Amino acid sequence: MLCQNCKKHTATVHLTDLIGGDKQERHLCEACAGQEGVMIKQHVSINDVLNSFLMCQAGVQELSRVKCPQCGLSFVEFKSQGLLGCPNDYDAFGEALASVIERAQDGRTHHTGKSPGEVVTIDPVQQRRLDLQRELREAVEAEDYERAAKLRDEIAGLDKK
Amino acid sequence: MKLDDLVHSPGEWLQTGGPMSDVVISTRIRLARNLAGYNFLGRATPDQRRKIERTLFEAISASDFGKNTFYVDIDKSDMLDRQFLVERHLISRQHAEGEGSRGVAISNTETLALMINEEDHLRIQVLRRGLNLDDAWEETSRVDAALESLVDFAFHKQYGYMTACPTNCGTGLRVSVMLHLPALKLTNEIEKVFRAAKEMRLAVRGLHGEGTDALGDLFQISNQVTLGYSEEEILTGFRADVIPSIVRYEQEARRVLTKNKPAALDDKIWRALGTLENARAISSDEALFLLSHLRMGVVLDRIKHIDLSAISEMFLATQSAHLQKRCGQRLDGEERSVARAEYIRQKLSQARPSRN
(Lines give C-alpha, C1' and ligand atoms only; values in the text may rest on other atoms or scores of the structure.)
Protein backbone atom coordinates (compact mmCIF):
# COMPACT_ATOMS: atom_id res chain seq x y z
CA MET A 1 0.00 0.00 0.00
CA LEU A 2 1.29 3.45 -0.90
CA CYS A 3 1.30 6.40 1.44
CA GLN A 4 -1.92 8.38 1.00
CA ASN A 5 -0.07 11.62 1.40
CA CYS A 6 3.00 11.51 -0.86
CA LYS A 7 1.83 8.49 -2.88
CA LYS A 8 5.47 7.55 -3.35
CA HIS A 9 6.57 5.47 -0.40
CA THR A 10 5.13 2.37 1.19
CA ALA A 11 2.70 3.14 3.99
CA THR A 12 4.03 1.71 7.21
CA VAL A 13 2.12 3.86 9.69
CA HIS A 14 -1.59 3.11 10.01
CA LEU A 15 -3.69 5.55 11.91
CA THR A 16 -7.25 5.58 13.11
CA ASP A 17 -8.65 9.03 13.72
CA LEU A 18 -11.91 9.67 15.45
CA ILE A 19 -13.83 12.48 13.86
CA GLY A 20 -17.15 13.17 15.49
CA GLY A 21 -17.31 9.58 16.61
CA ASP A 22 -16.60 8.12 13.16
CA LYS A 23 -13.45 6.17 12.59
CA GLN A 24 -11.29 7.28 9.72
CA GLU A 25 -8.30 5.24 8.68
CA ARG A 26 -5.20 6.72 7.18
CA HIS A 27 -2.10 5.04 5.86
CA LEU A 28 1.12 7.01 5.71
CA CYS A 29 4.79 6.45 5.13
CA GLU A 30 7.16 7.10 7.98
CA ALA A 31 8.34 10.45 6.63
CA CYS A 32 4.83 11.88 6.14
CA ALA A 33 3.71 10.54 9.49
CA GLY A 34 6.73 12.19 11.07
CA GLN A 35 5.78 15.51 9.46
CA GLU A 36 2.32 15.21 10.93
CA GLY A 37 3.85 14.68 14.31
CA VAL A 38 2.74 11.10 14.66
CA MET A 39 4.74 9.12 17.13
CA ILE A 40 6.92 6.46 15.69
CA LYS A 41 8.16 3.99 18.20
CA GLN A 42 11.51 5.23 19.36
CA HIS A 43 12.07 2.57 21.89
CA VAL A 44 14.88 0.31 20.74
CA SER A 45 13.90 -3.24 21.46
CA ILE A 46 16.43 -5.60 22.89
CA ASN A 47 15.90 -7.88 19.91
CA ASP A 48 16.93 -5.18 17.46
CA VAL A 49 20.05 -4.57 19.46
CA LEU A 50 20.80 -8.26 19.63
CA ASN A 51 20.23 -8.84 15.95
CA SER A 52 22.39 -5.97 14.83
CA PHE A 53 25.01 -7.13 17.25
CA LEU A 54 24.99 -10.71 16.08
CA MET A 55 25.03 -9.77 12.43
CA CYS A 56 28.32 -8.01 12.77
CA GLN A 57 29.90 -10.82 14.71
CA ALA A 58 32.20 -13.06 12.69
CA GLY A 59 32.17 -15.92 15.11
CA VAL A 60 28.44 -16.52 15.39
CA GLN A 61 29.05 -20.24 15.54
CA GLU A 62 31.48 -19.83 18.40
CA LEU A 63 29.02 -17.72 20.28
CA SER A 64 26.14 -20.13 19.91
CA ARG A 65 28.09 -22.65 21.92
CA VAL A 66 28.46 -20.43 24.96
CA LYS A 67 26.21 -21.78 27.67
CA CYS A 68 25.76 -20.67 31.27
CA PRO A 69 26.83 -23.53 33.55
CA GLN A 70 24.39 -22.33 36.19
CA CYS A 71 21.06 -22.18 34.34
CA GLY A 72 21.95 -23.85 31.03
CA LEU A 73 20.81 -20.95 28.86
CA SER A 74 22.83 -20.48 25.67
CA PHE A 75 23.65 -17.08 24.23
CA VAL A 76 21.61 -17.93 21.15
CA GLU A 77 18.55 -18.68 23.27
CA PHE A 78 19.06 -15.35 25.00
CA LYS A 79 19.19 -13.76 21.57
CA SER A 80 15.82 -15.16 20.57
CA GLN A 81 14.03 -14.36 23.85
CA GLY A 82 15.80 -11.21 25.00
CA LEU A 83 15.72 -12.45 28.58
CA LEU A 84 18.54 -13.87 30.65
CA GLY A 85 18.20 -17.11 32.63
CA CYS A 86 20.01 -16.28 35.85
CA PRO A 87 22.28 -13.67 37.43
CA ASN A 88 25.34 -15.76 36.53
CA ASP A 89 24.66 -15.12 32.79
CA TYR A 90 26.06 -11.62 33.26
CA ASP A 91 29.49 -13.21 33.77
CA ALA A 92 29.04 -16.40 31.74
CA PHE A 93 28.28 -14.54 28.49
CA GLY A 94 31.28 -12.27 29.03
CA GLU A 95 32.20 -9.88 26.24
CA ALA A 96 29.27 -10.88 24.05
CA LEU A 97 26.76 -9.69 26.64
CA ALA A 98 28.91 -6.71 27.63
CA SER A 99 28.66 -5.48 24.06
CA VAL A 100 24.87 -5.96 23.99
CA ILE A 101 24.51 -4.06 27.24
CA GLU A 102 26.70 -1.24 26.03
CA ARG A 103 24.50 -0.79 22.95
CA ALA A 104 21.24 -1.08 24.85
CA GLN A 105 22.40 1.31 27.57
CA ASP A 106 23.63 4.08 25.29
CA GLY A 107 27.32 3.35 25.72
CA ARG A 108 27.19 2.97 29.48
CA THR A 109 28.98 -0.03 30.91
CA HIS A 110 29.27 0.45 34.68
CA HIS A 111 26.70 0.90 37.42
CA THR A 112 27.16 4.17 39.30
CA GLY A 113 23.98 4.14 41.38
CA LYS A 114 23.28 2.78 44.82
CA SER A 115 24.47 -0.56 46.15
CA PRO A 116 22.40 -2.81 48.39
CA GLY A 117 22.00 -1.29 51.83
CA GLU A 118 22.53 2.28 50.68
CA VAL A 119 19.69 4.73 50.87
CA VAL A 120 19.61 7.45 48.26
CA THR A 121 18.14 10.70 49.42
CA ILE A 122 17.77 13.88 47.48
CA ASP A 123 20.17 16.54 48.66
CA PRO A 124 18.06 19.66 49.34
CA VAL A 125 20.86 22.06 48.34
CA GLN A 126 21.37 20.24 45.05
CA GLN A 127 17.61 20.32 44.52
CA ARG A 128 17.46 24.06 45.15
CA ARG A 129 20.36 24.65 42.77
CA LEU A 130 18.58 22.70 40.01
CA ASP A 131 15.39 24.66 40.53
CA LEU A 132 17.25 27.96 40.42
CA GLN A 133 19.14 26.98 37.29
CA ARG A 134 15.90 26.17 35.56
CA GLU A 135 14.37 29.48 36.62
CA LEU A 136 17.48 31.25 35.41
CA ARG A 137 17.17 29.65 31.98
CA GLU A 138 13.54 30.69 31.85
CA ALA A 139 14.37 34.25 32.89
CA VAL A 140 17.04 34.54 30.20
CA GLU A 141 14.65 33.13 27.60
CA ALA A 142 12.05 35.67 28.65
CA GLU A 143 14.75 38.39 28.53
CA ASP A 144 14.03 39.26 32.14
CA TYR A 145 17.62 40.16 32.94
CA GLU A 146 16.91 41.78 36.26
CA ARG A 147 15.44 38.56 37.58
CA ALA A 148 18.22 36.55 35.89
CA ALA A 149 20.87 38.57 37.74
CA LYS A 150 19.14 37.91 41.06
CA LEU A 151 18.94 34.20 40.35
CA ARG A 152 22.57 34.09 39.28
CA ASP A 153 23.61 35.65 42.59
CA GLU A 154 21.49 33.21 44.51
CA ILE A 155 23.12 30.26 42.71
CA ALA A 156 26.56 31.71 43.41
CA GLY A 157 25.56 31.96 47.08
CA LEU A 158 24.64 28.28 47.13
CA ASP A 159 27.95 27.30 45.57
CA LYS A 160 29.85 28.99 48.39
CA LYS A 161 28.11 26.90 51.02
CA MET B 1 -9.18 -3.98 52.24
CA LYS B 2 -9.59 -6.13 49.19
CA LEU B 3 -9.78 -5.75 45.47
CA ASP B 4 -13.53 -5.25 45.24
CA ASP B 5 -13.33 -2.29 47.62
CA LEU B 6 -11.47 -0.41 44.94
CA VAL B 7 -14.39 -0.47 42.51
CA HIS B 8 -16.22 2.49 43.95
CA SER B 9 -13.25 4.63 44.81
CA PRO B 10 -11.15 6.41 42.25
CA GLY B 11 -7.93 5.68 44.16
CA GLU B 12 -6.61 8.16 46.65
CA TRP B 13 -3.74 9.12 44.43
CA LEU B 14 -6.18 10.19 41.74
CA GLN B 15 -8.17 12.57 43.85
CA THR B 16 -6.08 15.68 44.00
CA GLY B 17 -4.44 17.23 41.01
CA GLY B 18 -0.86 17.44 42.23
CA PRO B 19 1.89 19.74 40.92
CA MET B 20 1.61 20.83 37.26
CA SER B 21 -1.61 18.89 37.01
CA ASP B 22 -2.80 21.07 34.14
CA VAL B 23 -0.43 19.01 32.00
CA VAL B 24 1.09 16.25 34.11
CA ILE B 25 -1.33 13.45 35.00
CA SER B 26 0.91 11.23 37.07
CA THR B 27 4.41 10.23 38.04
CA ARG B 28 5.39 6.59 38.29
CA ILE B 29 8.64 5.19 39.64
CA ARG B 30 9.52 1.55 39.26
CA LEU B 31 12.43 -0.51 40.55
CA ALA B 32 13.29 -3.97 39.22
CA ARG B 33 14.78 -6.43 41.70
CA ASN B 34 15.59 -10.15 41.76
CA LEU B 35 16.37 -12.41 44.68
CA ALA B 36 19.96 -13.63 44.83
CA GLY B 37 20.38 -17.40 44.64
CA TYR B 38 17.50 -18.04 42.23
CA ASN B 39 17.26 -18.21 38.46
CA PHE B 40 15.37 -15.47 36.66
CA LEU B 41 11.78 -16.45 35.95
CA GLY B 42 12.31 -17.75 32.42
CA ARG B 43 14.49 -20.49 33.88
CA ALA B 44 12.74 -21.00 37.21
CA THR B 45 10.80 -24.19 37.94
CA PRO B 46 7.19 -23.88 39.17
CA ASP B 47 8.48 -24.82 42.62
CA GLN B 48 11.12 -22.07 42.54
CA ARG B 49 8.49 -19.56 41.43
CA ARG B 50 6.38 -20.45 44.44
CA LYS B 51 9.37 -20.10 46.75
CA ILE B 52 10.23 -16.72 45.30
CA GLU B 53 6.64 -15.56 45.71
CA ARG B 54 6.51 -16.80 49.31
CA THR B 55 9.87 -15.26 50.25
CA LEU B 56 8.91 -11.87 48.87
CA PHE B 57 5.38 -12.00 50.25
CA GLU B 58 6.78 -12.75 53.72
CA ALA B 59 9.32 -9.94 53.48
CA ILE B 60 6.56 -7.50 52.49
CA SER B 61 4.31 -8.71 55.31
CA ALA B 62 7.14 -8.31 57.83
CA SER B 63 7.88 -4.73 56.76
CA ASP B 64 6.31 -1.61 58.20
CA PHE B 65 4.84 -0.53 54.91
CA GLY B 66 3.44 -4.04 54.40
CA LYS B 67 0.85 -3.56 57.14
CA ASN B 68 -1.08 -1.20 54.92
CA THR B 69 -1.12 -3.48 51.91
CA PHE B 70 -3.36 -6.27 50.67
CA TYR B 71 -2.30 -9.10 48.43
CA VAL B 72 -3.92 -10.28 45.21
CA ASP B 73 -2.98 -13.73 43.91
CA ILE B 74 -2.97 -13.00 40.19
CA ASP B 75 -2.68 -16.64 39.17
CA LYS B 76 -5.95 -17.41 40.95
CA SER B 77 -7.76 -14.22 39.89
CA ASP B 78 -10.17 -14.22 36.98
CA MET B 79 -9.49 -12.24 33.82
CA LEU B 80 -11.89 -9.44 34.79
CA ASP B 81 -10.04 -8.72 38.04
CA ARG B 82 -6.71 -8.82 36.26
CA GLN B 83 -7.94 -6.41 33.59
CA PHE B 84 -9.33 -4.18 36.33
CA LEU B 85 -5.88 -3.96 37.95
CA VAL B 86 -4.26 -3.20 34.59
CA GLU B 87 -6.72 -0.36 34.01
CA ARG B 88 -5.76 1.09 37.40
CA HIS B 89 -2.06 0.82 36.49
CA LEU B 90 -1.52 -1.47 39.49
CA ILE B 91 -0.17 -4.37 37.43
CA SER B 92 1.22 -4.54 33.91
CA ARG B 93 -0.49 -6.23 31.01
CA GLN B 94 2.37 -8.73 31.01
CA HIS B 95 1.66 -9.58 34.64
CA ALA B 96 -2.05 -10.04 33.89
CA GLU B 97 -1.44 -12.31 30.95
CA GLY B 98 1.48 -14.28 32.41
CA GLU B 99 1.52 -17.78 33.81
CA GLY B 100 2.49 -19.46 37.06
CA SER B 101 2.46 -18.28 40.66
CA ARG B 102 2.53 -14.52 40.82
CA GLY B 103 0.77 -11.73 42.62
CA VAL B 104 0.71 -8.12 43.65
CA ALA B 105 0.74 -6.37 47.02
CA ILE B 106 -1.18 -3.10 46.82
CA SER B 107 -1.22 -0.37 49.43
CA ASN B 108 -4.66 0.76 50.60
CA THR B 109 -4.08 4.15 49.01
CA GLU B 110 -3.00 2.46 45.73
CA THR B 111 0.13 4.60 45.65
CA LEU B 112 2.33 1.54 46.04
CA ALA B 113 2.17 -1.76 44.20
CA LEU B 114 4.68 -4.59 44.45
CA MET B 115 4.42 -7.01 41.55
CA ILE B 116 5.86 -10.42 42.33
CA ASN B 117 7.01 -12.68 39.49
CA GLU B 118 6.33 -10.37 36.61
CA GLU B 119 9.37 -10.18 34.28
CA ASP B 120 11.60 -9.91 37.34
CA HIS B 121 11.03 -11.42 40.77
CA LEU B 122 9.97 -8.05 42.10
CA ARG B 123 8.85 -4.75 40.65
CA ILE B 124 8.34 -1.97 43.17
CA GLN B 125 6.00 0.67 41.77
CA VAL B 126 5.07 3.99 43.30
CA LEU B 127 2.44 6.30 41.79
CA ARG B 128 1.77 9.98 42.41
CA ARG B 129 -0.55 12.60 40.98
CA GLY B 130 0.97 15.35 38.89
CA LEU B 131 4.72 15.83 38.75
CA ASN B 132 5.94 14.52 42.08
CA LEU B 133 9.29 12.86 41.54
CA ASP B 134 10.88 13.44 44.94
CA ASP B 135 7.92 12.28 46.93
CA ALA B 136 7.57 9.19 44.74
CA TRP B 137 11.28 8.48 44.99
CA GLU B 138 11.25 8.86 48.76
CA GLU B 139 8.62 6.14 49.10
CA THR B 140 10.29 3.87 46.51
CA SER B 141 13.62 4.18 48.24
CA ARG B 142 12.12 3.50 51.66
CA VAL B 143 10.36 0.35 50.45
CA ASP B 144 13.49 -0.86 48.66
CA ALA B 145 15.61 -0.32 51.79
CA ALA B 146 13.08 -2.07 54.03
CA LEU B 147 13.04 -5.14 51.78
CA GLU B 148 16.80 -5.11 51.37
CA SER B 149 17.19 -5.45 55.11
CA LEU B 150 15.22 -8.72 54.90
CA VAL B 151 16.25 -10.36 51.61
CA ASP B 152 19.31 -10.35 49.32
CA PHE B 153 18.83 -8.91 45.86
CA ALA B 154 21.08 -10.09 43.02
CA PHE B 155 23.75 -7.44 42.59
CA HIS B 156 26.84 -7.26 40.36
CA LYS B 157 29.80 -4.96 40.91
CA GLN B 158 29.84 -3.78 37.32
CA TYR B 159 26.22 -4.17 36.23
CA GLY B 160 24.47 -3.19 39.45
CA TYR B 161 21.09 -4.77 40.16
CA MET B 162 20.79 -7.73 37.82
CA THR B 163 17.56 -8.02 35.87
CA ALA B 164 16.16 -10.63 33.48
CA CYS B 165 16.32 -8.16 30.61
CA PRO B 166 19.65 -6.32 30.47
CA THR B 167 17.85 -3.13 29.40
CA ASN B 168 16.84 -2.75 33.07
CA CYS B 169 20.13 -3.57 34.78
CA GLY B 170 22.12 -1.10 36.88
CA THR B 171 19.68 0.96 38.90
CA GLY B 172 16.67 -1.05 37.74
CA LEU B 173 14.98 2.33 37.84
CA ARG B 174 12.31 3.35 35.37
CA VAL B 175 10.69 6.74 35.78
CA SER B 176 7.54 7.41 33.75
CA VAL B 177 5.61 10.62 33.62
CA MET B 178 2.15 10.67 32.05
CA LEU B 179 1.37 13.87 30.20
CA HIS B 180 -1.84 15.24 28.74
CA LEU B 181 -0.92 17.12 25.56
CA PRO B 182 -4.11 17.97 23.67
CA ALA B 183 -3.03 21.43 22.51
CA LEU B 184 0.27 20.24 21.05
CA LYS B 185 -1.71 17.56 19.24
CA LEU B 186 -4.24 20.08 17.92
CA THR B 187 -1.55 22.48 16.75
CA ASN B 188 0.47 19.65 15.18
CA GLU B 189 3.47 20.39 17.36
CA ILE B 190 3.73 17.08 19.15
CA GLU B 191 6.94 16.56 17.19
CA LYS B 192 8.61 19.01 19.61
CA VAL B 193 7.99 16.60 22.44
CA PHE B 194 9.53 13.71 20.60
CA ARG B 195 12.56 15.74 19.71
CA ALA B 196 13.08 16.93 23.28
CA ALA B 197 12.61 13.40 24.57
CA LYS B 198 14.93 11.85 22.02
CA GLU B 199 17.71 14.25 22.86
CA MET B 200 17.48 13.13 26.46
CA ARG B 201 17.32 9.41 25.58
CA LEU B 202 13.78 9.11 26.75
CA ALA B 203 11.05 6.93 25.28
CA VAL B 204 7.59 8.24 24.41
CA ARG B 205 4.68 5.83 24.53
CA GLY B 206 0.91 5.73 24.63
CA LEU B 207 -1.47 5.32 27.53
CA HIS B 208 -0.83 1.72 28.39
CA GLY B 209 2.89 1.53 27.76
CA GLU B 210 4.92 -0.03 25.02
CA GLY B 211 3.32 -0.34 21.62
CA THR B 212 0.07 1.39 22.53
CA ASP B 213 -1.51 4.44 20.93
CA ALA B 214 -1.60 7.85 22.49
CA LEU B 215 -5.32 7.59 23.16
CA GLY B 216 -6.89 10.60 24.81
CA ASP B 217 -3.76 12.65 24.00
CA LEU B 218 -2.02 10.91 26.89
CA PHE B 219 1.69 10.34 26.49
CA GLN B 220 4.08 8.49 28.74
CA ILE B 221 7.68 9.63 28.88
CA SER B 222 10.23 7.33 30.47
CA ASN B 223 13.97 6.85 30.69
CA GLN B 224 15.55 4.21 28.48
CA VAL B 225 18.96 4.02 30.09
CA THR B 226 19.16 2.43 33.53
CA LEU B 227 22.90 1.75 33.74
CA GLY B 228 25.73 4.21 34.27
CA TYR B 229 23.67 7.00 35.79
CA SER B 230 22.86 7.30 39.47
CA GLU B 231 19.25 7.28 40.62
CA GLU B 232 19.50 10.98 41.36
CA GLU B 233 20.88 11.76 37.90
CA ILE B 234 17.99 9.94 36.27
CA LEU B 235 15.46 11.82 38.40
CA THR B 236 17.22 15.11 37.78
CA GLY B 237 16.89 14.68 34.02
CA PHE B 238 13.13 14.61 34.43
CA ARG B 239 12.85 17.26 37.10
CA ALA B 240 15.16 19.88 35.70
CA ASP B 241 14.94 19.52 31.96
CA VAL B 242 12.59 17.33 30.06
CA ILE B 243 9.29 17.59 31.84
CA PRO B 244 9.34 21.33 32.58
CA SER B 245 10.17 22.09 28.95
CA ILE B 246 7.41 19.85 27.60
CA VAL B 247 4.97 21.37 30.07
CA ARG B 248 5.97 24.82 28.80
CA TYR B 249 5.43 23.78 25.15
CA GLU B 250 1.95 22.53 25.98
CA GLN B 251 1.06 25.60 28.03
CA GLU B 252 2.28 27.83 25.24
CA ALA B 253 0.23 25.89 22.66
CA ARG B 254 -2.83 26.26 24.88
CA ARG B 255 -2.21 29.97 25.26
CA VAL B 256 -1.92 30.40 21.49
CA LEU B 257 -5.12 28.42 20.90
CA THR B 258 -6.99 30.46 23.48
CA LYS B 259 -5.75 33.73 22.03
CA ASN B 260 -5.89 33.06 18.30
CA LYS B 261 -8.65 30.50 17.91
CA PRO B 262 -10.97 30.79 20.90
CA ALA B 263 -14.07 29.87 18.89
CA ALA B 264 -12.50 26.75 17.37
CA LEU B 265 -11.19 25.74 20.78
CA ASP B 266 -14.49 26.26 22.55
CA ASP B 267 -16.28 24.45 19.76
CA LYS B 268 -14.17 21.36 20.37
CA ILE B 269 -14.55 21.53 24.13
CA TRP B 270 -18.30 22.15 24.19
CA ARG B 271 -19.03 19.63 21.46
CA ALA B 272 -17.15 17.08 23.55
CA LEU B 273 -19.28 17.95 26.56
CA GLY B 274 -22.44 17.90 24.46
CA THR B 275 -21.73 14.45 23.11
CA LEU B 276 -20.74 13.06 26.48
CA GLU B 277 -23.87 14.49 28.10
CA ASN B 278 -26.17 13.03 25.49
CA ALA B 279 -24.62 9.88 24.02
CA ARG B 280 -26.58 6.66 24.58
CA ALA B 281 -23.74 4.38 23.50
CA ILE B 282 -20.09 5.29 23.35
CA SER B 283 -16.93 3.30 22.60
CA SER B 284 -13.94 3.52 24.91
CA ASP B 285 -11.86 5.16 22.17
CA GLU B 286 -14.44 7.85 21.55
CA ALA B 287 -14.90 8.42 25.29
CA LEU B 288 -11.14 8.91 25.73
CA PHE B 289 -11.03 11.25 22.77
CA LEU B 290 -13.87 13.41 24.11
CA LEU B 291 -12.77 13.28 27.76
CA SER B 292 -9.39 14.56 26.63
CA HIS B 293 -11.02 17.67 25.12
CA LEU B 294 -13.21 18.06 28.18
CA ARG B 295 -10.16 17.93 30.45
CA MET B 296 -8.52 20.65 28.41
CA GLY B 297 -11.68 22.74 28.73
CA VAL B 298 -11.64 22.34 32.50
CA VAL B 299 -7.96 23.15 33.05
CA LEU B 300 -8.25 26.15 30.73
CA ASP B 301 -11.26 27.30 32.74
CA ARG B 302 -13.48 27.35 29.65
CA ILE B 303 -15.76 24.96 31.55
CA LYS B 304 -16.16 25.98 35.15
CA HIS B 305 -18.72 23.63 36.64
CA ILE B 306 -16.75 20.39 36.36
CA ASP B 307 -13.88 19.39 38.65
CA LEU B 308 -10.63 17.94 37.43
CA SER B 309 -11.15 15.03 39.84
CA ALA B 310 -14.47 14.17 38.15
CA ILE B 311 -12.65 13.98 34.82
CA SER B 312 -9.93 11.75 36.26
CA GLU B 313 -12.61 9.50 37.65
CA MET B 314 -14.32 9.26 34.28
CA PHE B 315 -11.04 8.42 32.52
CA LEU B 316 -10.68 5.53 34.96
CA ALA B 317 -14.23 4.29 35.39
CA THR B 318 -15.16 4.21 31.69
CA GLN B 319 -12.67 1.42 30.97
CA SER B 320 -14.11 -2.01 30.21
CA ALA B 321 -13.30 -3.94 33.38
CA HIS B 322 -14.30 -1.00 35.56
CA LEU B 323 -17.73 -0.81 33.93
CA GLN B 324 -18.26 -4.54 34.38
CA LYS B 325 -17.15 -4.54 38.01
CA ARG B 326 -19.47 -1.61 38.66
CA CYS B 327 -22.44 -3.38 37.04
CA GLY B 328 -21.49 -6.62 38.74
CA GLN B 329 -21.84 -8.62 35.54
CA ARG B 330 -20.16 -9.46 32.26
CA LEU B 331 -21.02 -7.13 29.42
CA ASP B 332 -20.32 -7.57 25.74
CA GLY B 333 -18.95 -4.72 23.63
CA GLU B 334 -22.32 -3.20 22.82
CA GLU B 335 -23.57 -3.43 26.39
CA ARG B 336 -20.38 -1.80 27.60
CA SER B 337 -20.89 1.12 25.22
CA VAL B 338 -24.37 1.63 26.66
CA ALA B 339 -23.17 1.28 30.28
CA ARG B 340 -20.31 3.68 29.58
CA ALA B 341 -22.59 6.34 28.12
CA GLU B 342 -24.99 5.92 31.04
CA TYR B 343 -22.21 6.28 33.61
CA ILE B 344 -20.85 9.40 31.93
CA ARG B 345 -24.29 11.02 31.66
CA GLN B 346 -24.92 10.36 35.33
CA LYS B 347 -21.52 11.70 36.38
CA LEU B 348 -21.95 14.85 34.29
CA SER B 349 -25.49 15.50 35.48
CA GLN B 350 -24.21 15.49 39.07
CA ALA B 351 -21.72 18.18 38.07
CA ARG B 352 -24.29 20.25 36.23
CA PRO B 353 -25.10 23.55 37.95
CA SER B 354 -28.79 24.00 38.76
CA ARG B 355 -30.52 26.31 36.30
CA ASN B 356 -32.58 29.12 37.74
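Colleague: What makes you divide chain B into domain 1 and domain 2?

Modeller: In this predicted model, the domain assignment of chain B gives residues 3-253 as domain 1 and residues 262-351 as domain 2. These bounds are taken from an automatic or database assignment. The C-alpha centres of the two domains of chain B lie 26 Å apart.

Colleague: What makes up the contact between domain 1 and domain 2 of chain B?

Modeller: Domain 1 of chain B gives 18 residues to the contact and domain 2 of chain B gives 22 residues. Residues count here because their C-beta atoms, placed from the backbone, lie within 7 Å. On the domain 1 side, α1 (12-15), α3 (79-87) and α6 (182-186) of chain B each supply at least two residues. The largest share of that side, four residues, comes from α3(B).

Colleague: Why are Arg49(B), Ile52(B), Glu53(B), Leu56(B) and Ile60(B) called buried?

Modeller: A residue is called buried because 20 or more other C-beta atoms lie within 10 Å of its own. In α2(B), these five residues, Arg49(B), Ile52(B), Glu53(B), Leu56(B) and Ile60(B), are buried.

Colleague: How do you know that the buried residues of α2(B) line one face of the helix?

Modeller: Viewed down the axis of α2(B), the buried residues fall within an arc of 95°, and therefore they line one face. In general, an α-helix has 3.6 residues a turn, so residues three or four places apart point the same way. The buried residues of α2(B) pack against β2 (69-73), β3 (103-107), β4 (112-116) and β5 (122-129) of chain B. The face turned away from the buried side carries the exposed residues Asp47(B), Arg54(B) and Ser61(B).

Colleague: Which residues have the most contacts inside the largest nonpolar core?

Modeller: That core has 116 residues, and those with the most contacts inside it include Ile91(B), Val104(B) and Leu294(B). Helix α8 (residues 231-260) of chain B gives the most to this core, nine residues. Leu294(B) touches Ile269(B), Ala272(B), Leu273(B), Leu276(B) and Ile311(B), residues up to four places away in sequence not being counted.

Colleague: What makes up the side of chain B that touches chain A?

Modeller: In this contact, 53 residues of chain B meet 40 residues of chain A. The largest share of the chain B side, six residues, comes from α8(B). By class, that side has 24 nonpolar, 16 polar and 13 charged residues.

How values were computed: Residues are numbered from 1 along each chain as its sequence is written. Chains are lettered from A and ligands numbered from 1 in the order in which they are written. This is a predicted model: local features need pLDDT of at least 70, side-chain atom pairs count only at pLDDT 80 or more; totals for chains, interfaces and linings use all residues. Two residues are in contact if their C-beta atoms, placed from the backbone, lie within 7 Å. A nonpolar core is a set of buried Ala, Val, Leu, Ile, Met, Phe, Trp, Tyr and Cys residues joined through C-beta atoms within 7 Å. A residue is buried if 20 or more other C-beta atoms lie within 10 Å of its own, exposed if 12 or fewer, and partly exposed in between; C-beta atoms are placed from the backbone. The arc is that of the directions from the helix axis to the C-beta atoms. Ala, Val, Leu, Ile, Met, Phe, Trp, Tyr, Cys and Pro count as nonpolar, Asp, Glu, Lys and Arg as charged, and the others, Gly among them, as polar.
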